[in-house]
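Hi everyone, thanks for making time for this. I'd like to walk you through a structure that may be new to you, so let's bring it up on the screen.

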Amino acid sequence: MTEPLPTVLVVAVAMIDVDGRVLIAKRPEGKKLAGLWEFPGGKVEAGERPEQALIRELKEELGVDVSENCLSPFVFASHAYDSFHLLMPLYLCRRWDGVVTAREHDGLAWVKPDKLSDYPMPPADEPLVAWLRDLL
């Protein structure tokens, strides 16, 4: 019997602009899965609720302020990587304060939902694209 993988809880968001485009961010060099595009977000720290983690991550990564009532739970990804199992709720967000700026990524792109599959993504993010395409 194989050893069970630890579960890592990560939150992500599909930020949607007034034109119905979704924000994706390019993972920086030096990080795992560098060069792939992902939905912004990050790990949930001990004692943090997922929404708190997402608000913190969006401030750190993108320089924007989001209020909790603007985060709508949408769908989640569950994916086994080699050394851990990722559980990632995806939230939708249509309102934020500030200008979206790449602080920790190698680039940002606002993409129409039907074009998201043109961007290479980590395995956990890929299934979320179909959900967004069908919704938007």
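Let's begin with Asp65, which is partly exposed, its relative accessible area being 40%. Before going further, please keep in mind that we are looking at a predicted model.

So what does the side chain of Asp65 meet in a salt bridge? The partner is Lys59, and the distance from N to O is 3.2 Å. Lys59 is partly exposed too, at 38% relative accessibility. Moving on from that pair, there is also a network to look at: Glu48, Arg56, Glu57 and Glu60 are joined into one by salt bridges that share partners.

Asp17 counts as buried because its relative accessibility is 13%, and the cut-off for buried is under 20%. Arg21 has a relative accessible area of 28%, so Arg21 is partly exposed.

The other pairs Glu51 with Arg49, and their closest N and O atoms are 3.5 Å apart. Is Glu51 buried or exposed? Glu51 is buried, at 18% relative accessible area. Arg49, on the other hand, is partly exposed, with a value of 38%.

Now let's turn to the surface. Phe76 belongs to strand β5, which covers residues 71-80. With 53% relative accessibility, Phe76 counts as exposed, because the line for exposed is drawn at over 50%.

Thr7 and Leu87 are 80 residues apart in sequence, and yet their C-alpha atoms are 6.9 Å apart in space. Thr7 sits in strand β1 and counts as exposed, at 56% relative accessibility.

Next, the largest pocket. How much space lies in it? About 650 Å³. Its lining is made of 28 residues, and those nearest the centre are Val10, Arg27, Glu38, Lys43 and Leu86. If you sort the lining by class, you get 14 nonpolar, 4 polar and 10 charged residues.

Which elements build that lining? At least two residues each come from β1 (7-15), β4 (41-43), α1 (50-62) and β6 (85-93). Of the contributions to the lining, the largest share is from β1, with 4 residues.

Tyr91 lies in strand β6 and is buried, at 5% relative accessibility. Its C-alpha atom is separated by 5.1 Å from that of Phe74, although Tyr91 and Phe74 are 17 residues apart along the chain.

Met88 is in strand β6 as well, and Met88 is buried, with a relative accessible area of 4%. For Met88 I can give you a distance to Lys31: the two are 57 residues apart in sequence and 18 Å apart in space, C-alpha to C-alpha.

Over in strand β2 we find Ile24. What is its relative accessibility? The value is 0%, so Ile24 counts as buried. Between the C-alpha atoms of Ile24 and Leu136 there are 15 Å, and along the chain those residues are 112 apart.

I'll finish with a backbone detail. Most residues other than glycine have a negative phi. Leu33 does something else: its phi is positive, near 60 degrees, and Leu33 is not a glycine. Where does Leu33 lie? You'll find Leu33 in the loop between β2 (22-26) and β3 (37-38). At 37% relative accessibility, this leucine, Leu33, is partly exposed.

Terms used. Residues numbered from 1 in each chain as written. Predicted model: local features only at pLDDT ≥ 70, side-chain atom pairs only at ≥ 80, totals over all residues. Heavy atoms only, no water. Buried < 20%, exposed > 50% of the residue type's maximum accessible area, 1.4 Å probe, protein only. Salt bridge = Lys/Arg side-chain N within 4 Å of Asp/Glu carboxyl O. 1 Å grid on protein atoms, 1.4 Å probe; cavity = no way out; pocket = protein on both sides within 12 Å on 5 of 7 lines; lining within 4 Å. Points joined across faces, edges and corners; volume = space filled by probe spheres on them. Nonpolar A, V, L, I, M, F, W, Y, C, P; charged D, E, K, R; others polar.
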